[in-house]
Amino acid sequence: MAKRFAVVLAAGQGTRMKSKLYKVLHPVMGRPMVQHVITQLKQVQIDEMVTIVGYGAEKVIKEIGNVSEFVTQKEQLGTGHAVQQAETLLLDKNGTTIVVCGDTPLITGETYQALFDHHEKEEAKATILTAKAPDPTGYGRVIRNEGKQVERIVEHKDANHDELLIDEINTGTYCFDNQALFEALKEVSNDNAQGEYYLPDVIEILRNKSEKVSAFLTNDFEETIGINDRVVLAQAEKIMKKRINLEHMRNGVTIIDPDNTYIGPDVQIGQDVTIYPGSIIRGETTIDEDAQIGPHTEISDCVIGKSAVIQQSVLMDSKVGNEVTVGPYAYIRPETVIGHQAKIGHFVELKKSTIGEESKVPHLSYIGDTEIGRNVNVGCGTITVNFDGKDKHKTKIEDDAFIGCNTNLVAPVSIGENAIIAAGSTITKNVPGNALSIARARQTNKEGYASRLKK
Ligand code: UD1
Ligand code: CA
């Protein structure tokens, strides 16, 4: 098979985004848009990938990593000029080059594949991916002759009245015969409304040389939208969200209200999981079978066990065991591990702590830098006092211990196996196993004193 090259255009600033963040780094469902493009490209066989960088080059290179080579476009003189920068790596090479924009994150690997297939079947020198847009404003229009052959692309800003009525748009994605591409690029001028070297001008140049130019019309315009401002960014977010949710539903996940459920592209969800409205699940999160998530729950970079139930809670970078219940209103901060069948109740904050299997922290507690064993009961209102104003200290609670309500455990401190702490204690010294520890003032009742005071 002929060699395949890819050129990804990612040098622009994205002026219309009005942002400090470079356009192609703006996230769509949590993943930078250029990364969506690269992920989809990787699904088709590409022998060499070259990304054109300029604005924010360092950050873009870091984001994409070593799957691509990089060439810098020092001045952003247009998409044609951008592709020309790849000359140093691709000139004279034999094969097909796909050019994609870093701001069309919804195009799928299947569409790239279909474009390649069409281009190769037609034996064209250039094939444009086109689509029919309900509102083509801003896009380049595809001009065809009477025989319906593609003649050229006209940019919105250069189009006359009749041309503006055309609804077939250039998606900014093309396949080219590599050598024909670089040959034609030499002839592109910047004599147009924007004073830029337009890549689409290559089409007319090749036509004028009587080379074969083709178009592949996809019926899914939504997939091809180019993100130039935040209005379209929000549209892309919505389309991507729907696409991801549909896939999970088809795989056996119940999503009660897909319009109000946000699942990132890297999230994995097992069969018969139910997700309630208002849930946001992002990052490298994995959710095992039969779990129930939400409503109104935010989970980032977590592993959630089988049949876990998580309600109205926020969880970050943590591990939750099988059949665990969390919430409502729990806050699980990074590096927390919750063992199987443990219960974390309402208004509980856990930070960098391990909770052993079947242990319970049912209400109103702060547990930080703590290791809790199995079958421990932590009473309502218990606080691990882990910070002395300067340093953080650790608490250890061994298996089967019982911590009475409203206890302060002043770290560093450890509570032995099977020990009992009386309610209201402030524990500052280690408690041995099997001991009962009481650390609070004794109660005195002064008979009749209250009525005397009130007189
Ligand atoms: C471009 C096409 C238009 C098409 C549309 C599809 C041109 C002239 N026009 O318009 O026909 O309908 O995409 O979305 O190509 N870039 C560079 N260097 C530059 C200029 C741009 O790397 O000098 C990159 C941008 O970062 C961006 C991509 O090329 O990722 C497209 O540029 P943009 O300015 O968004 O082009 P459009 O005006 O959308
Ligand atoms: Ca664009």
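**Exercise 1.** Work out which polar atoms of the protein lie by a nitrogen or oxygen atom of ligand 1 in this predicted model, and how much of ligand 1 the protein buries.

*Solution.* 
- Start with Gln 73: an N or O atom of its side chain is 2.7 Å from a nitrogen atom of ligand 1.
- Go on to Thr 79, where a polar side-chain atom sits 2.6 Å from an oxygen atom of the ligand.
- Now look at Asn 170. Here a polar backbone atom is 2.6 Å from an oxygen atom of ligand 1.
- Finally, the cover: ligand 1 taken alone exposes 760 Å², and the protein buries 91% of that.

**Exercise 2.** Describe the shell around ligand 1.

*Solution.* 
- Count first: 25 residues surround the ligand, and Glu 155 and Gly 78 are among the closest.
- Sort them by class, and you get 12 polar, nine nonpolar and four charged residues.
- Next, find the elements. β1 (4-10), α3 (79-84) and β10 (168-177) each supply at least two shell residues, and β10 gives the most, with three.
- As for the space that ligand 1 takes, that's the largest pocket.

**Exercise 3.** Which strands are the edges of the nine-stranded open sheet?

*Solution.* 
- Write down the order: β14-β17-β20-β23-β26-β28-β30-β33-β36, with parallel pairing.
- Check the ends: β14 (268-269) and β36 (413-415) each pair on one side only, and they're the edge strands.
- Zoom in on one pair: β17 (286-287) and β20 (303-304) run parallel over two bridges, with Ile 304 in β20 as the bridge partner of Ile 287.

Methods: Residues are numbered from 1 along each chain as its sequence is written. Chains are lettered from A and ligands numbered from 1 in the order in which they are written. This is a predicted model: local features need pLDDT of at least 70, side-chain atom pairs count only at pLDDT 80 or more; totals for chains, interfaces and linings use all residues. Side-chain values use heavy atoms; hydrogens and water are left out. A residue is near a molecule or strand if one of its heavy atoms lies within 4 Å of it. A polar contact is a pair of N or O atoms within 3.5 Å; within protein, one must be able to donate a hydrogen and the other to accept it, and residues adjacent in sequence count only if both atoms are side-chain atoms. Accessible areas come from the Shrake-Rupley method with a 1.4 Å probe; for residues, only the protein chains shown count as cover. On a 1 Å grid over the protein atoms alone, a cavity is a set of points where a 1.4 Å probe fits but cannot get out, and a pocket is an open set with protein on both sides within 12 Å along at least five of seven lines; lining residues have an atom within 4 Å of a point. A molecule sits in a cavity or pocket if more than half of its atoms lie within 2 Å of its grid points. Helices (H or I, at least four residues) and strands (E, at least two) are DSSP runs, numbered from the N terminus. Ala, Val, Leu, Ile, Met, Phe, Trp, Tyr, Cys and Pro count as nonpolar, Asp, Glu, Lys and Arg as charged, and the others, Gly among them, as polar. Two strands pair if DSSP finds at least two bridges between them.
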